[in-house]
Amino acid sequence: MAITITAFADSPDRGTGQARDMRVRWALEELGLPYAVRLLSFAAMKAPAHRALHPFGQIPTYEEDGLALFESGAIIAHLAGRHAGLLPEEVNARARALAWMFAALNTVEPVIVEQEMAIIVEYDTAWYAARLPMLEGRVRARLDALSHRLGDGEWLDGAFSAGDLLMVSVLRRLAGWDVLEDYSNLAAYVARGEARPAFQRAFAAQLAVFRNRPALSGEPQ
Ligand code: GTB
């Protein structure tokens, strides 16, 4: 089975593994599946050839023999359903792991992204100062609840699963925000995820893309 995913040729995250190909790479590494990466410029992402794979002109996409997918969550659900290692065998435990996958993508990531977007695009608006504490409060409300549920557990529900892979990926978006340090069990949870050999291999692979890209003019080396 030949697998190809897509990623940014020049990720704005500068190799910190914040773009969503990172979570797909991590899942592939956890499952021991070899994969190729097709790197795309922003123009190529919006071109018809890529839109045939991804209707919104984004990364990541996933191709294997006879199947093309978009949406990182759907790609990981497909991989975890097809290969042993990222979802429990027992039916109820599998359903709970899926619930954590959805929780990461539907309940935790949106509030983080909303705050990120406000910081990037609304910082010079009249309403920014009033809106930011509200957005921060919404992030903290999710972290409070997640921290409470995780307690002193290693992972969210038994063994490491695709739910943890996605939740750690989502919480990593908070790196540098000084918020995770208020939740020592969540900070340790993210560190446990990042310490996994599969994470390390995936991180190194996406960092190599950034390191190997042509330098931009005037960029410090
Ligand atoms: N729901 C989709 C999924 O999970 O696959 C979302 C896909 C998505 O947002 N893709 C982004 C993209 O292609 C890259 S990951 N953007 C280009 C576009 O829409 O034109 C989002 C992302 C980008 C950059 C950083 N960063 O620099 O830190 C972090 C996250």
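How many of the five residues of E1 are buried? Four of them are, so E1 is largely enclosed by the rest of the structure. Buried here means under 20% relative accessible area, exposed means over 50%, and partly exposed lies in between (1.4 Å probe, protein chains only).

1. **Basis.** This is a predicted model, in which local features need pLDDT of at least 70 and side-chain atom pairs count only at pLDDT 80 or more, while totals for chains, interfaces and linings use all residues. Residues are numbered from 1 along each chain as its sequence is written, and side-chain values use heavy atoms, with hydrogens and water left out.

2. **The sheet.** Four strands form an open sheet in the order E2-E1-E3-E4, and the pairing is mixed. E2 (36-40) and E4 (67-70) are the edge strands; each has a single partner strand, so one side of each has no neighbour in the sheet. On average, neighbouring strands are turned by 25° against each other, direction ignored. Helices (H or I, at least four residues) and strands (E, at least two) are DSSP runs, numbered from the N terminus. Two strands pair if DSSP finds at least two bridges between them.

3. **Strand E1.** E1 covers residues 4-8 and pairs with E3 (residues 61-64) in the antiparallel sense, over two bridges. E1 and E2 run parallel and are joined by five bridges. Ile5 takes part on both sides: Tyr62 stands opposite in E3, and Val37 is the bridge partner in E2. Strands of a sheet pair through backbone hydrogen bonds, either parallel or antiparallel.

4. **Helix against sheet.** H4 (residues 72-82) packs on the sheet and touches E3 and E4. The direction of H4 makes about 135° with that of E4. Contact means heavy atoms within 4.5 Å. Axes are lines fitted to C-alpha atoms, for helices over the stretch in contact, and angles run from 0 to 180 degrees between N-to-C directions.

5. **Ligand site.** The ligand is surrounded by 14 residues, and the closest are Arg20, Lys46, Ile59, Glu71 and Ser72. A residue counts as near if one of its heavy atoms lies within 4 Å. A ligand oxygen is 2.7 Å from a side-chain N or O atom of Arg20. For Lys46, a ligand oxygen is 2.6 Å from a side-chain N or O atom. A ligand nitrogen is 2.8 Å from a polar backbone atom of Ile59. Taken alone, the ligand exposes 680 Å², and the protein buries 76% of that. Areas come from the Shrake-Rupley method with a 1.4 Å probe; for residues, only the protein chains shown count as cover.

6. **Lys46.** Lys46 counts as partly exposed, at 40% relative accessibility. Not counting residues up to four places away in sequence, Lys46 touches Arg51, Phe56 and Gly57.

7. Which kind of peptide bond joins Ile59 and Pro60? The bond is cis, with omega about 0°. Pro60 sits in the loop between H3 (48-51) and E3. Glu71 has a positive phi of about 75° although it is not a glycine. Glu71 lies in the loop between E4 and H4, and is partly exposed at 41% relative accessible area. Most residues other than glycine have a negative phi, and most peptide bonds are trans.

8. **A further positive phi.** Asp178 has a positive phi of about 60° and is not a glycine. The loop that holds Asp178 runs between H7 (162-171) and H8 (184-195). Asp178 is exposed, at 53% relative accessible area.

9. Glu29 is in H1 (residues 21-31) and counts as buried at 17% relative accessibility. Leaving aside neighbours within four places in sequence, Glu29 is in contact with Tyr35, Ala198, Arg201 and Ala202. Arg213 is in the segment after H9 (197-212). Arg213 is buried, at 12% relative accessible area. The side chain of Arg213 makes a polar contact with the side chain of Asp10, at 2.6 Å. A polar contact is a pair of N or O atoms within 3.5 Å; within protein, one must be able to donate a hydrogen and the other to accept it, and residues adjacent in sequence count only if both atoms are side-chain atoms.
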